[in-house]
Each structure stands twice: as structure tokens, then as C-alpha cells.
Amino acid sequence: MGGKLRRALRRTCSSVFVCGLLAGAVLASHGATLERVRESGVLRWGGDVQGGEPYAFQDPADGDRLIGFEVEIADALARRLGVHAEFVQNDWLTLVPSLERGNVDIVMNGLEITPARRGRVAFTRPYYRFRETLVVRRGDTSIHALADLNGRRVGTLGGSQAHEMLRATPGVEIALYEGVDEPYADLEQGRIDAVLLDHIIAERYGLSRPELAKASDVGEGVYAIAVRPADASLLAAIDAALGGMIADGEIERILKRWKLWSEEQLRLGEGVADVAGPAPARVLDRPQLWLFARATAVTVAISSLAMAVAVAGGLLLSLARRYGGRPLRFAAGVYVEVFRGTPVLLQLYVLYFGLAPVLRLDAFTAAVLGLGLNYAAYEAELYRAGLEAVPVGQTEAALALGMSRRQALRRVVLPQALRVALPGIANDFIALLKDSSLVSVITVVELTKQMTITAVDVRSWLVPGALCAILYLALSYPLSLFARRLERRLVPVPK
Amino acid sequence: MNGEPIIRAHGVGLRLGEQEILRDLDFEIARGEVVAVVGPSGSGKSSLLRGLNYLTPFTSGEVEIAGHRLLPGLSEGRDAELLRSVRTKVGMVFQSFHLFPHLSALANVVEAPQRVLGLPHAEARQRAEELFARVGLSAYADAYPHTLSGGQQQRVAIARALAMRPAALLLDEPTSALDPRLRGEVLSVIADLAGAGQTMIIVTHEIPFARRVAHRALVLVGGSIIESGTAEEIFERPRSEETRRFLGDG
């Protein structure tokens, strides 16, 4: 027993060590970036095309080409530095860590100046001034200001300034999205009560929907370019170039081309008052740990319920495939191929967003069903193999004793088939536990999502990442131990 | 043996596609009778036995068994009730035992009386324990099948069939899968049953055993009964040339 525990600990420790190494790489610092940019002739800038129109996105007419007002600003800046700009795709939430790692020289993608970010990166002067716009369903007169959001479910993008503002508003239940269209789709469907996002996004993705309306603007902010704090010379060069673009009207021309110009852009130099975000946490304090505990509970609940769906569904499918008539066999076969042959992420999207007009599931139910229906396909194949491994003589012996076919199946064949399938079931459960992190795309905050949120909060991926890894291991390792014991106890040694 | 027939087969035949496995079988088995079915390999002996409890449905003729009538074309689904009634009255012992590996030896025997006959667990268990004593395995009740020798497993399988108190017991080459040194223990259990008046049909290659235990014998060759009579007649004074040749080989 002691040996087993030590082995478990050693395994856990080495995983944490690896996580640490990965996170440590983030801290790699880069010095004279401006010189390197000039030497290589390339300014690498980070952004996320998922942010969509009009920031930086794929040209609908030419999928290989990026367009957007930020693409034009990047090109103009590079030209003024005597180099050319190269876009580097990055998940929006990890733009800053990516900058710290040295993957990119600058970050420009609707990145707002917030107190939390200012502690990590150096910002150039702003290139755009925006308002935070609160959008509600048309006819909803109960929401006018942030204070009205108490007790409401409000959507936004994770890690954005709007997210910070919502976190500082008491009583708000926040739903986090990764794309700019989905929160407004959910608002229309009634899954959330409001969306708070930058007015550029609100106007293009929210107010274009006839059923949605603007409640009010509840704040403002600025977009600026982020560089590594050590790159003072690069910062100065970009500030100078941006100043030139503002002075000679190039910024205005670009913004006008994208219909983003407004009088308030004349006040770009003024800066804005810091948004009232929550105080940045330096370490994992008690509230953070509480959030982690809650997210762990969500992960456990979703995984367990989804596994129950998968086992029940898989059982029915495997029985249909082995004992059903031709149409039933065919239908079960199609199910297995479709659900096994397409990404679970896609299935979650379809179930939650795609089917919303006809079937409005809440996020938790959609997560359980989505994962469960997907894993049912895998379970079905597992059980089918198990059923086929039971010799036909077993059924005959049961029938010869007078059992009905149903009894023979339930009392004799299934127990043996499930024993054959057991290691695979445990394996699938562990895989499901980890795959449950995918449900964050439909706004469920589970363990991995909580980790990314906390990482942004405490400005480190190291501690939250390690904690997250330990929690997953704490869930999966006992499971595999249990499965191994069960297997030893239940499966008779073959002759 | 009081002559009251428990099993009656009329013109039973089995055709699988082109192949005629059994043809036009007629025979009766009386209560308390022990009948040996002998014949060369592939002559249809197992099919005959499996036809009687409809594990292998025959394709022509009819079987009357323990007061029920079996005809060709019955379905496991539609005629479940009839088949269940027949099978609870006709026990079967297989060549390779087919014990349930996930259940202990005792649970193997308790299962059907409890689940099929609906006996209370305690009663089914008591019945099983008596049978374990009878087949000499009282010490092994809690053992799992894979820990038992072949001879022990087959004795559990016999107990399992007997636990249903069947009117007739069908034994399909019960010792063929066993080492020669393990056959004796199974044969002696069967001989005890015969002595106690259990109706049995035994498909076997053990001619001396059949000669000793069986009252009557059927000789099956190429799917037909070529000869039947008392064990003494068949084994001592076979009339047919083919029987003589077969017995000579055996």
C-alpha cells in the first residue's frame, strides 16, 4: 500500500514538474527586439482571427489574406519602421503569455489597457477609443446600467475589459464566450439576460439582430499595442510611428475606411480613467481556491453524468447492433460512425448553438448530453466487442435452463461482456474527464476554464496550471486504481 | 420404468440448406429409461439431442415432450413461453460444460431455480447444496469454475441441470472434453443417476459405459436411426453391418 502511494505521489510530482517547466518557458525574457526586427525586416504581431470583423480576419474573397483595420494599422506601422508586418495567429486569451514567451514582437487585437495588463506588459499610446455597450433583448426595460445586472446572467468575452467590469459588479452571473457572435445568439435565445462588450462588437454582432437593442453605454476604454516591458526602444519607435499616423491623418483614413471613425477618436491622446476592475490577485487566495473547488465539482458532475449517458446509450446501441433487426442495426451503425467520426467540439457547438432555435438546452444539460452522446458511440463499440467475446455456448446453456432471451442476456451474457469491456470503460471515463474541458466553448466554467481565468487574474500560468493538473490527477488516478482493482477482482483468470 | 413415454419423436428431420443432418427419426423414451445414442462422428447425434429442447430447431416432423408439442418453425421470441416450459422440464449437459464463469459453482446451480422457477433463494440454495453433496463437490461450492478441474466442472454442470428437477436429462458427450483419468468421476455420477431412475438420453462414445448403464441404445448413422434395441442387443448382437463396423472401430 505504501509503495503504491509513493508511486502515485512520484507520478503526480513528475507531472507537476513538467507543468512547471512549460510554464517557466513563459518567463523567457527578450531584450533588444527593435534591433532584431530591423535586422530581419519583419515585425511579428499577435492577434486572433476569431475576434472577427473588423479587427483582423480572413478576407471572405481570399481565404489566404487577412484584412481588417488592425491589419492596416500594422502594415502602416511596419512601413514607418522600414520593415513589413507578419501576423501570428494566437488564441486571444493567451496573447499576453505569447508575447512574454517571445513568439511575437507586439500584440494588437482589441487589447484594452487595463490595470491588470499594465502590470505585465508595456502599452503604446492608444490607437482606438471605444465604449462598453450593454445590449439586451428588445423590450427589456429592466436593464439600463451595470447596477441593474445584479442577479442576471450576462455574457462577455473572457479576459476582456468588459469581463473585468462585470467581475467588479455585484451579483452578476458571468457567461464567458470565446467568439463574438455566440453571446448575442444566446441573448436572443434567452439563455442570458444581457451582453457587455466593446461597441464595435456590439454594433456589428449584436445590434444587427432585430430582436436585440442597446440598453446603454456603461464605460469606455482604449485599445493599445502591447510590447514586452524590457523593449523600451521598440515601444518608443512604435509610439513615434503611431504619433505620426495620428498627426498626418493616416489613422483617421483607416478608421473611416472601416466605418469606425468618430469624434471621440480626436481625444485618443487623453487616455481614460482606469476601469473599476477587481483588485488583481497576486497569489491563489481563498476566493480563488473556492472558485477552483467549484469548477472541480462542475467537472466531476459533468463527467459523471455524461458517462452515465454514455454507458446507457452505448449499451442500447451495442444491443441494437448485435441483436436488432436490419433497420435497427443500420441506424445504430450510422449513429456510431457519425458521432465517432466528427469532432466532439463540433457536436457541442451544434447541440448548443446550432439546435438552439428548435431545442433550447441550458449549457450544463447541453454539456452532459453532448459529451454523453459522443462517448456513447465509443462505449457501443466497446460493449459490442465484449458481447462478441462471450461464447455462444453461454447463451445456449442459459436458454437450456429455461431462461428467456432477456434473462440470458441480463444474467449471463452482459455481466461477462461488461467484464471484458471494463478496462476500456475506465479508460474512456478518464478520457471523458479530460475532454470535459471542451464544454467551456458553450460557456460552462469547468476546471480548465477556471484555470485560464485565474491565470489571467494572477498573471501567471504556473501556479493555476499546476493546481489544475493536480486536481485532474486527483480525479483520474484513483479512478484508474479502482478500475485495476475491479478488473482483478471481477475478471476470472482465463483457462 | 413403467413405459409411460416422456419423449416421442415423429418423423423428425433437420435440413440446413443442401445438407440433410437428420432424416425421419421416430423414437420414444419412457419415464425412467436411460437411452444411449451412439454412432460415428458427424452422424447427427448432437443435433438430435439439441432438437429435443429446440436449441437447434428441426425442420420437419414433431416432438412431444413432457406434455408439450414442438413443431418446426417456432420462434424464440413468439413461442418463448412454450420453449421455456419445455426447457425447464428437459435438462441439458454440454460437452464443454458451459458453466457461467462469472458465478461461483453454487451460484451456477442456484441461478435457474431462483430466476426461472421463482424459488426463494434459501430454497434454491438448499436444493443446490444437496446436489453438490450428491455429485461429491460439497467442498467446492464457493469455488469459481476456472479453479475447478474439467471433471469437477462437468459435475457442477450436471448439478445445475438437475436443480431444475427435469423430467429428462440430455447429456451431449459429457466426457469427451475430459482427460481419460477424469472421466471416471463423471461417469460414476451418471451411473448413480441412472440407478436412481433419472430419465436420460446420453450421446456418448463410451461404449462399455453405455453397455453397462443404458437400458436401450439408438445407432445413428448419416442422420438416420439404423438400429435400435436394448443395450444388450445393440452392443452384443448388432444386426446391422454398419453398427458392427462402428462398434469394431470404437
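## Helix α3 against α5 in chain B

α3(B) passes α5(B) in a right-handed crossing; a crossing is right-handed if the near helix is turned clockwise from the far one by less than a right angle, and left-handed if anticlockwise. This is a predicted model, in which local features need pLDDT of at least 70, side-chain atom pairs count only at pLDDT 80 or more, and totals for chains, interfaces and linings use all residues. Residues are numbered from 1 along each chain as its sequence is written, while chains are lettered from A and ligands numbered from 1 in the order in which they are written.

Helices here are DSSP runs of H or I with at least four residues, strands are runs of E with at least two, and both are numbered from the N terminus. α5(B) covers residues 150-162, and its axis comes within 8 Å of the α3(B) axis, crossing at roughly 20°. That makes the two helices, α3(B) and α5(B), roughly parallel. Angles under 35 degrees count as roughly parallel, over 145 as roughly antiparallel, 65 to 115 as roughly perpendicular and the rest as oblique. The axes are lines fitted to C-alpha atoms, for helices over the stretch in contact, and angles run from 0 to 180 degrees between N-to-C directions.

From α3(B), Ala105(B), Asn108(B) and Val109(B) meet Val156(B), Ala159(B) and Arg160(B) of α5(B). Contact requires C-beta atoms, placed from the backbone, to lie within 7 Å. By class, the residues of this contact are four nonpolar, one polar and one charged. Nonpolar covers Ala, Val, Leu, Ile, Met, Phe, Trp, Tyr, Cys and Pro; charged covers Asp, Glu, Lys and Arg; the others, Gly among them, are polar.

## Helix α3 against α4 in chain B

α4(B) spans residues 121-134. The axes of α3(B) and α4(B) come within 9 Å and cross at roughly 130°. These helices, α3(B) and α4(B), are therefore oblique to each other. Their crossing is right-handed.

Leu106(B), Val109(B), Val110(B), Pro113(B) and Gln114(B) are the α3(B) residues in this contact. Their partners in α4(B) are His121(B), Ala124(B), Arg125(B), Arg127(B), Ala128(B), Leu131(B) and Phe132(B). The contact of α3(B) with α4(B) holds eight nonpolar, two polar and two charged residues.

## Helix α1 of chain B

α1(B) runs over residues 45-52, and eight of its eight residues are buried, so this helix is largely enclosed by the rest of the structure. Buried means 20 or more other C-beta atoms within 10 Å of the residue's own, exposed means 12 or fewer, and partly exposed lies in between, with C-beta atoms placed from the backbone. Among the buried residues are Lys45(B) and Arg50(B). Just after α1(B), Tyr54(B) takes a positive phi of about 65°.

## Where chain B touches chain A

The contact pairs 21 residues of chain B with 20 residues of chain A. On the chain B side, α2 (80-89) and α3 (105-115) each supply at least two residues. The largest share, four residues, comes from α2(B). This side of chain B divides into ten nonpolar, six polar and five charged residues.

## Chain A and its domains

Chain A has 18 helices and ten strands. Of its 495 residues, 42% count as buried.

An automatic or database assignment sets the domain bounds. Chain A has domain 1 (33-280) and domain 2 (286-490). Their centres, taken over C-alpha atoms, are separated by 38 Å. The contact takes 16 residues from domain 1 and 13 residues from domain 2. On the domain 1 side, β8 (173-177) and α7 (182-189) of chain A give two or more residues. That side divides into eight nonpolar, four polar and four charged residues.

Notes. Contact = placed C-beta atoms within 7 Å.
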